Amino acid sequence: YYKTGRLEDAEPLSRRHVKSFMLFTLRTGHEHPHLNAAIANYAALLKARDMDEAAIRGRIEGLIEEATREAKR
């Protein structure tokens, strides 16, 4: 979706991708080897959607909080 300009469709998939790697990291105690790349790609996607840096940070921090809550279940 990203490469075809369908950024709105790409965002939830990219978000889920990052969250999966975060959950892996939180549940195993080992950082997923692709976590940082996934976060960078998600941030680039949000920037391409004209989101400012503060909003991007907020989205990523919210995703971390969401994953942390889910990992504790």
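Start by selecting residues 35-48, which form helix 2, and residues 53-71, which form helix 3: their axes come within 10 Å and cross at roughly 135 degrees. Helices here are DSSP runs of H or I with at least four residues, numbered from the N terminus. The axes are lines fitted to C-alpha atoms over the stretch in contact, and angles run from 0 to 180 degrees between N-to-C directions. Before you go further, note that this is a predicted model, where local features need pLDDT of at least 70, side-chain atom pairs count only at pLDDT 80 or more, and totals for chains, interfaces and linings use all residues. Residues are numbered from 1 along each chain as its sequence is written, and side-chain values use heavy atoms, with hydrogens and water left out.

**Stop 1: helix 2 against helix 3**

Stay with this pair. Helix 2 and helix 3 are oblique to each other; angles under 35 degrees count as roughly parallel, over 145 as roughly antiparallel, 65 to 115 as roughly perpendicular, and the rest as oblique. Their crossing is right-handed, a label given when the near helix is turned clockwise from the far one by less than a right angle, with anticlockwise giving left-handed.

Now show side chains. On helix 2, pick Ile39, Tyr42, Ala43, Leu46 and Lys47; they meet Glu53, Ile56, Arg59, Ile60 and Leu63 of helix 3. Contact means heavy atoms within 4.5 Å. Colour the residues of this contact by class and you will find seven nonpolar, no polar and three charged. In this scheme Ala, Val, Leu, Ile, Met, Phe, Trp, Tyr, Cys and Pro are nonpolar, Asp, Glu, Lys and Arg are charged, and the others, Gly among them, are polar.

**Stop 2: helix 1 against helix 2**

Next, bring in helix 1. Helix 1 packs on helix 2 at an angle of about 155 degrees, with the axes 9 Å apart. The two are therefore roughly antiparallel to each other, and this crossing is left-handed.

From helix 1, select Leu7, Ala10, Glu11, Ser14, Arg15, His17, Val18, Phe21, Met22 and Thr25; across from them in helix 2 are Leu35, Ala38, Ile39, Tyr42, Leu45, Leu46 and Ala48. The contact of helix 1 with helix 2 has twelve nonpolar, three polar and two charged residues.

Serine 14, in helix 1, is buried at a relative accessible area of 14%. Buried means under 20% relative accessible area, exposed over 50%, and partly exposed in between, using a 1.4 Å probe and protein chains only. Not counting residues up to four places away in sequence, serine 14 touches Tyr42 and Leu45.

Then move to glutamate 11, also found in helix 1. Is glutamate 11 buried or exposed? At 10% relative accessibility, glutamate 11 counts as buried. Setting aside residues up to four places away in sequence, glutamate 11 touches Tyr42, Leu45, Leu46, Arg49 and Arg59.

**Stop 3**

How many salt bridges does the structure hold? The structure holds six, each a side-chain nitrogen of Lys or Arg within 4 Å of a carboxyl oxygen of Asp or Glu. Side chains of opposite charge can pair when their charged atoms come close.

Select arginine 15 and glutamate 66 to see one of them, with the closest N and O atoms 2.7 Å apart. Arginine 15 lies in helix 1 (residues 7-28) and glutamate 66 in helix 3, so the pair ties together parts that are 51 residues apart in sequence. Arginine 15 is partly exposed at 22%, and glutamate 66 is partly exposed at 24%.

Lysine 19 counts as buried, at 16% relative accessibility.

Glutamate 70 is partly exposed, at 22%. With Arg15, Lys19, Glu66 and Glu70 all displayed, you have one network, joined by salt bridges that share partners.

**Last stop: arginine 27**

Finish at arginine 27, in helix 1. Arginine 27 is exposed, with a relative accessible area of 52%. Leaving aside neighbours within four places in sequence, arginine 27 is in contact with Glu70 and Ala71.
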